[in-house]
Amino acid sequence: HRKEPSIMESPELSAVDEKFIFNVSPSPVNSFRLRVTFLQDATLLCFGISHHICDGNDCWEVVKAFCDLLSNRPVPSFALPPDTGGVRMSDLVKVENECSEAESNFHYLTHAQHYDNGIFNLAVTVWRVLLTILAVKFGFLAELAAKFIYIPGAWVDELRVKSQAELKDCSPDIQLTRNDVIAAWYLKSVYSPLPTSMSPDPVDYFGIINLRRFIEPPKSGTYYIRCSIGAFRCFFSVQQLKEESVAEIARNIRLATLQYTSTESVRQGLRFSEDHASKSLTLALRGTMSLGVAVVSHWTTFDYAGLDFSGASLDGKKASVIFVNPMIVNNWHLTITPVAIVTKNGSGGYWMRATNTPTGWERFGQSNKSLFPA
């Protein structure tokens with residue numbers, strides 16, 4: 001019943017994860033795990049999938065198939081990804097209108113500019129990560145902490161309407177999505193409290209794209225597991241994220257999304273990855289490894305709350321999902337960049353699992369009052 005976003009303070013997120021989340025071993029033998037925890041009034045299911053072979057869409061399909069198995073409904077047969085048989089995924093992108101060679105090259109080079117090639121650049125990136133870890137350890141950089149945020153759906157709708165009204169005279173005319181304004185709001189909550197001395201610092205925002213909808217689907221009755229995500233990059237500075245309104249930030253995110261989700265951009269992005277599959281690529285970042293990068297991954301299209309686990313219910317009553325705790329585990333347990341995962345809660349609101357600086361969490365409520373600077 002909260003009218004504004006609120007932080008789940010108790011229990012601590014680390015305590016929740018310690019009991020109900022576990023690391024998935026990088027060993028190929030343990031690429032998928034399922035753990036069931038029975039409580040008196042609930043059952044907790046923990047699905048663990050290695051992210052290097054699966055994405056959010058795969059996780060959703062696996063959980064959905066689990067529900068179908070419980071209810072004796074047919075599930076798709078497992079198939080190998082097309083590229084294991086020598087097919088290029090870029091050739092499976094559904095193209096309605098062919099682009100000119102110049103436009104294709106533009107999209108290819110756009111993706112290429114986000115990466116540096118070579119062992120030397122890889123070593124530099126690793127060194128920068130190590131320096132960031134040491135700086136956090138010795139207190140020179142703020143340590144990011146993860147928390148759960150509940151975001152009311154009505155508040156998001158109001159923020160979206162107000163942002164859209166502010167952009168009514170902007171060209172081109174675009175329609176913001178709820179995910180756009182949620183991402184923009186999160187960026188302001190992280191970067192608004194930063195000191196003025198950091199204002200010139202660059203921030204590279206990465207949004208995650210599900211590429212499955214652009215690729216020819218598997219043959220009827222089959223499904224293949226493959227990490228099929230892309231990312232779009234949006235260039236900001238700390239000063240922009242501090243001073244610009246949520247509407248302006250969301251507009252930049254929407255424009256970048258439209259550019260990177262054009263069919264030709266998706267195809268050329270896949271083609272660039274295929275052409276450099278054996279190369280040592282690293283992100284060509286402009287800023288530091290700490291607050292110079294931010295990522296938001298939206299899982300709002302995966303309707304976990306709409307799944308029905310009644311096949312496992314002894315009394316025949318509907319068994320529904322009431323809470324989803326998304327977590328992406330990295331083997332180094334690094335939290336050196338602001339990262340957020342957004343899911344729906346089943347009643348029109350959202351849960352966001354996000355990291356922020358201690359100051360950002362302290363001023364969390366204040367940041368909601370400065371979303372539209374005069």
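**Close-up 1. A cluster of aromatic rings.** In this predicted model, ring pairs join Phe148, Tyr150, Phe323 and Trp351 into a cluster. The structure as a whole holds 16 aromatic pairs, and two of these are described individually in the views that follow.

**Close-up 2. The tilted pair of Phe232 and Tyr260.** The rings of Phe232 and Tyr260 form an aromatic pair with 6.4 Å from centre to centre and 35° between the planes, an arrangement classed as tilted. Phe232 belongs to strand β9 (residues 229-237) and Tyr260 to helix α8 (residues 246-260), so the pair ties together parts that are 28 residues apart in sequence. Phe232 has a relative accessibility of 5% and therefore counts as buried, and Tyr260, at 5% relative accessibility, also counts as buried.

**Close-up 3. The edge-to-face pair of Phe323 and Trp351.** Phe323 and Trp351 pair edge-to-face, with their ring centres 5.3 Å apart and an angle of 90° between the planes. This pair links distant parts of the chain, since Phe323 lies in the loop between β11 (293-298) and β12 (339-344), whereas Trp351 lies in strand β13 (residues 350-356), 28 residues apart. Phe323 counts as partly exposed because its relative accessibility is 37%, while Trp351, with a relative accessible area of 16%, is buried because this value falls under the 20% cut-off.

**Close-up 4. A charged side chain over the ring of Phe148.** Phe148, one of the members of the ring cluster, has the charged end of Arg353 sitting over its ring, at 5.8 Å from the ring centre.

Methods
Residues numbered from 1 in each chain as written. Predicted model: local features only at pLDDT ≥ 70, side-chain atom pairs only at ≥ 80, totals over all residues. Heavy atoms only, no water. Phe/Tyr/Trp six-rings, centres within 6.5 Å; stacked < 30°, edge-to-face > 60°. Helix = DSSP H or I, 4+ residues; strand = E, 2+ residues; numbered from the N terminus. Buried < 20%, exposed > 50% of the residue type's maximum accessible area, 1.4 Å probe, protein only. Lys NZ or Arg CZ within 6 Å of the ring centre and 35° of its normal.
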